[in-house]
Amino acid sequence: MIGGLFIYNHKGEVLISRVYRDDIGGPLNGVMILLDAFRVNVIHARQQVRSPVTNIARTSFLHVKRSNIWLAAATKQNVNATMVFEFLYKMCDVMAAYFGKISEENVKNNFVLIYELLDEILDFGYPQNSETGALKTFITQQGIKSQTKEEQSQITSQVTGQIGWRREGIKYRRNELFLDVLESVNLLMSPQGQVLSAHVSGRVVMKSYLSGMPECKFGMNDKIVIDKQGKGGGSEDVAKSGKQSIAIDDCTFHQCVRLSKFDTERSISFIPPDGDYELMRYRTTKDIILPFRVIPLVREVGRTRLEVKVVIKSNFKSSLLAQKIEVRIPTPLTTSGVQLICMKGKAKYKASENAIVWKVKRMAGMKESQISAEIELLPTNDKKKWARPPISMNFEVPFAPSGLKVRYLKVFEPKLNYSDHDVIKWVRYIGRSGIYETRC
Amino acid sequence: MTDSKYFTTTKKGEIFELKAELNSDKKEKKKEAVKKVIASMTVGKDVSALFPDVVNCMQTDNLELKKLVYLYLMNYAKSQPDMAIMAVNTFVKDCEDPNPLIRALAVRTMGCIRVDKITEYLCEPLRKCLKDEDPYVRKTAAVCVAKLHDINAQLVEDQGFLDTLKDLISDSNPMVVANAVAALSEIAESHPNSNLLDLNPQTINKLLTALNECTEWGQIFILDCLANYTPRDDRESQSICERVTPRLSHANSAVVLSAVKVLMKFMEMLPKDLDYYGTLLKKLAPPLVTLLSAEPELQYVALRNINLIVQRRPEILKHEMKVFFVKYNDPIYVKLEKLDIMIRLASQANIAQVLAELKEYATEVDVDFVRKAVRAIGRCAIKVEQSAERCVSTLLDLIQTKVNYVVQEAIVVIKDIFRKYPNKYESVIATLCENLDSLDEPEARAAMIWIVGEYAERIDNADELLESFLEGFHDESTQVQLQLLTAIVKLFLKKPTETQELVQQVLSLATQDSDNPDLRDRGYIYWRLLSTDPVAAKEVVLAEKPLISEETDLIEPTLLEELICHIGTLASVYHKPPSAFVEGSRGVQHKRLPGSAGSVESPDPGAAATETPPAVIPSQGDLLGDLLNLDLTPTTTTGPPPPTTSGMQMGAMDLLSGGLDSLVGLLHQGPPSLSASPSTTTASFGGLDDLFDLGGGVGMPMGALNPPKAVWLPAMKAKGLEISGVFVRRAGVIQMEMTLTNKAMSVMTDFAIQFNRNSFGLAPAGPLQILTPLSPNQSIEPLNNLQVAVKNNIDVFYFSCQYPISMLFVEDGKMERQVFLATWKDIPNDNESQFQIKDCHLNSDAASNKLQSSNIFTIAKRTVEGQDMLYQSMKLTNGIWVLAELRVQAGNPNYTISLKCRAPEVSQCVFQNYEAVLKN
């Protein structure tokens, strides 16, 4: 298991060092040597990081980096590496939930808290309950908080209990529920317009303000569910709903979802955590609506000039508006000057980023726009051709490119007297670009 | 709150200030001080001096302060064990606290204080906590047992904690179960044979129930534990699989991968014709693909694991090629792994797409990635025959880019393509040859040379090309040198008329001027092969090579099986068994997949697991392949070795052209009078012929006796060539070490050597150059005189030198006592000669030892009237036995020696040798 957990700043100075096991070095010098070894070999390494797992002096270091901060777990054993990385991310989430952005300043300011957290969520290198909801009930920075005996046992039963993510006795005057379907659509297209790969990775993010211990059931236009229901109902029903259903390649759920129930009945039922959480993630690859099509035309005129024309076409209902559109056209390193003409929005050549950035605030569906650029190049002797990185694109659209629709979200709370109808539900669909690239 | 200030104080006298603050009455001040101490500790300052002061702060109701003090204790208790005892009382008291959080904190911290004296006090509180009413305390106590076991295993067993821990598996709280499982698994690892984790269907059932209820981490502990279980039959296996599959939809990748591990393992037991088996296979693909949308570090771990899974069960992901396409912004470690998997999944169905991608990658920026992409194109060509042509043309396109490392990499893979499809793509050779000059990496140079040698008959100027490499022969890496040697020999066998000089040149470079044993050995083998039997040489060197296999870089099956059992762990990331990187007893036990049940067809490699310890396939061809130089690259399967040994009889020497039978005859029959029996002659000749070491003097391991070299041929007499040398006998082989010094102004080349016929049939082991033998009418004055001719480009020089006869004494010269007696009597007294050795101050034993090192063996010793009689024997390389009687009188420095031999001519020499050895 994890032998020690360390947090460094970008200079390689140790901000937090917690040792769980003796095997990674004695209490004093041994650990300092290890800390140094990681700093020298990874943080200060000349080369780009070649692997997130490094073995130095028969010790394995698994590290992640958040902005300027390095989190590293050290071990001498054959640990479950996936678990260690999941834990490191979780650690970041927990810290962010307590004090916001993970920065050197914040870590230093909260080092006592971090040690306290590390003591609680990692015991002898074994991760323990790390749900912020539960942790915040008893790890506070408010000094002494005298708890009654009942409160104490409530805390412990929540931390160890089956529903570790929610405490009892939550009350709201207004039972409200926000549901966001956030999708990022990823595309890799050949210069000829052939889709090389495309997938949507989506998340269902919820914000729930519900009283008591509500039992929720979530339904969407999952092809498998609808086909199943179709068998029970009339054939007409299949034809009607079959079109709108989507094939989900795979999905994963928050730990509140009863997985065995999903496995057998494919129904998503759960007792939600309070506040923000991510209910599920999913991935689809079939029948994706690609909101934009990028058509690049690159022509080399002689050795010192390049003509680039890029056309973007929006491919969704004309009543909808896409926002925050940004097209990024990479330019060669030898670019000396750029002239730009665009039909819409603003375009700029950013020399420091070696790219032309074309921004359009809004664009309706079924429209087309284009940019042309003349790029002057410095003559060089370099035989190596320009690698032509792909043209990438960013945007936001008010629909789910996968075609996912929320069919229902039912809330039952048997003990308290509010019914499903009393809950105010808000549903929103946002489609964003993931890695949306067209080769040129 | 600005706690960051604690990180900056570096004043002098800081410790004193802290001490004062720690003993302050004000609670707030105390707490601030402890914070400062912890901050100093973090940045590596030694604050152990404050131990008593910090421990004094332990008695407090402030939980936060208490935790800080505990943190300090954990770090420093070991360095101050006596003082740590001070803390024990507080711990024991805290374990009784009404607040379960405090009880748990106390038991958790106590376990982290690794001081023997404290552990004694830990037992009672721990026993109570294991049975605490609060699950939070129990789950903490469960882990504490593992901590205690790590400090003092015996204590844990004696106190019966293991049984209590086992009971916790049936606890009502899932988290307690999970921690108990984790603790037991860890303890069990250090007791490989104990039945600690008594996994039976009942406990498995309990674990599976807890699996649905506990935290994500607990699920991982339980799944990892389940993976160690071997179901009794396929039905049990299936029912466990059914209950584990829902975990594949968990948001935590570690839960998913641990579930995959369990499924991959238990699947082995399912009959392949079972419907469920197919369903399960289908269910495995989506979660594995989903892992690729996780954070890059997790992607990396997932990809390393997928690499294993694809090797074990390629069917799972065969339709998922696209998800492994590299994204422009992927970190390099993810890119490289994806590429690996793409190649594994490449098939006829998707090859067009794969090739298009690979070509795209070959123009990227990162050099390692580009190289790997180029290499991947070659591997596709080898794997999917239909695509070979397109791959080759893609590679040619890439060569046209003239980007140096792309060209080099392309040439390396084209060599492999030639190996797989011989005589198919030779048209590209011309293009390759154009880039000869730009190759600066050994692997690329070696590949190019291999190609030139292999297709020498079709390349008009092959000799020129190879000759150009030969100029800087000594600066090349071994890999290139070996290839060059082989290629030139191939060339010679194909075009013998024009390339004789070239081959001689490379052979002498390899054998004389190199101190690399591989190169020299290979050089000698070729040399002998060529001189003995050119037909056989052709058969060997130009033998048809086995085609290289398509699956490359596969992990050896037993290792793969073990790694499958370690999915998700570091072992699967490193692709090494845990024993390779874990110290101590943990992880030493090798895990194996269970055998498949039910299905009779398809002999599963898993079922046929052997006991051999897993090992990574060596990256170089095996020794035999290397020796025979069949250019067995790492990517090949070793074919049956061609019959090479037949051509290597030492006695029958045939110098290059084969036209020197007369000389051969002279060389290999010793003087008839000296040969004792045919069998011994051959044997001794074997040794003799082997003796001559032309590379002598260069990097030879030094033997026991190393006499200085004497000048044999002064420069005056040889137009500037000075030869000095010495004879030594090492490991049964006579070596003539020569130093050839060029004292002339011009360059000397084309060295060759020849011996005149001599008494003991010494001859060069390596055949050299055709030479006129020395005129036979010269009298052989001392028997051990050797007349040598050395030739260079200037002239032929003759000289003679004497070798000590001790060189000729062979190691098996010890005669049986009975034989000795009989022989002694048998030899006529006329053949006996007596000598005096004067001024020798050794006693008989020392003399005997000394002589023994020169292969003169004492057979018996007799003491008569204070006079030691040593009976000794020695055997010459040509089978002549010499018997000796050495008389040593105590106090008399003069020895008497009687020698008896069937060839009395040697006696004088032997005597001189005695003298030399004893007086040395």
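Visitor: At 38% relative accessibility, what does B:K402 count as?
Guide: In this predicted model, local features need pLDDT of at least 70 and side-chain atom pairs count only at pLDDT 80 or more, while totals for chains, interfaces and linings use all residues; side-chain values use heavy atoms, leaving out hydrogens and water. Residues are numbered from 1 along each chain as its sequence is written, chains are lettered from A, and ligands are numbered from 1, in the order in which they are written. Buried means under 20% relative accessible area, exposed over 50%, and partly exposed in between (1.4 Å probe, protein chains only). Because its relative accessibility is 38%, B:K402 counts as partly exposed.

Visitor: What phi does B:K402 have?
Guide: B:K402 is found in the loop between α21 (388–400) and α22 (404–420) of chain B; helices (H or I, at least four residues) and strands (E, at least two) are DSSP runs numbered from the N terminus. Although B:K402 is not a glycine, its phi is positive, at about 65°.

Visitor: What percentage of the residues of chain A count as buried?
Guide: Chain A has nine helices and 23 strands. Its C-alpha trace spans about 80 × 70 × 35 Å along the principal axes. Of its 440 residues, the share that counts as buried is 55%.

Visitor: Which strand supplies the largest share of the positive patch?
Guide: The patch on the surface gathers A:K346, A:K348, A:K359, A:K361 and A:R362. A:K346 is found in β18(A) and is exposed, with a relative accessible area of 69%. Both β18 (346–350) and β19 (355–364) of chain A supply at least two residues, but the largest share, three residues, comes from β19(A).

Visitor: Which helix holds B:E464?
Guide: B:E464 gathers with B:E467, B:E471 and B:E501 in a patch of negative charge on the surface. At 53% relative accessibility, B:E464 counts as exposed. Its place, within residues 462–470 of chain B, is helix α25.

Visitor: Why is strand β11 of chain B largely enclosed, and how many of its residues are buried?
Guide: In a regular strand the side chains alternate between the two faces of the sheet. From β11(B), B:Y895, B:I897, B:L899 and B:C901 point one way and B:T896, B:S898 and B:K900 the other, and all are buried. The strand, residues 895–901, is therefore largely enclosed by the rest of the structure, the buried count being seven of the seven.

Visitor: Which residue of β11(B) is the bridge partner of B:L883?
Guide: Two strands pair if DSSP finds at least two bridges between them. β7 (residues 833–837) of chain B runs antiparallel to β11(B) with five bridges, and B:F835 stands opposite B:I897. β10 (residues 881–889) of chain B pairs with β11(B) in the antiparallel sense over six bridges, forming a hairpin with five residues between the strands, where B:G891 in the turn has a positive phi of about 85°. The partner of B:L883 in β11(B) is B:K900.

Terms used: Patch = residues over 30% accessible without salt bridge, like charges linked within 9 Å, V, L, I, M, F, W, Y side chains within 5 Å. Areas by Shrake-Rupley, 256 points an atom, 1.4 Å probe, with all protein chains shown as cover. Salt bridge = Lys/Arg side-chain N within 4 Å of Asp/Glu carboxyl O. Lys, Arg positive; Asp, Glu negative; His and termini not counted. Charge placed at Lys NZ, Arg CZ, Asp CG, Glu CD.
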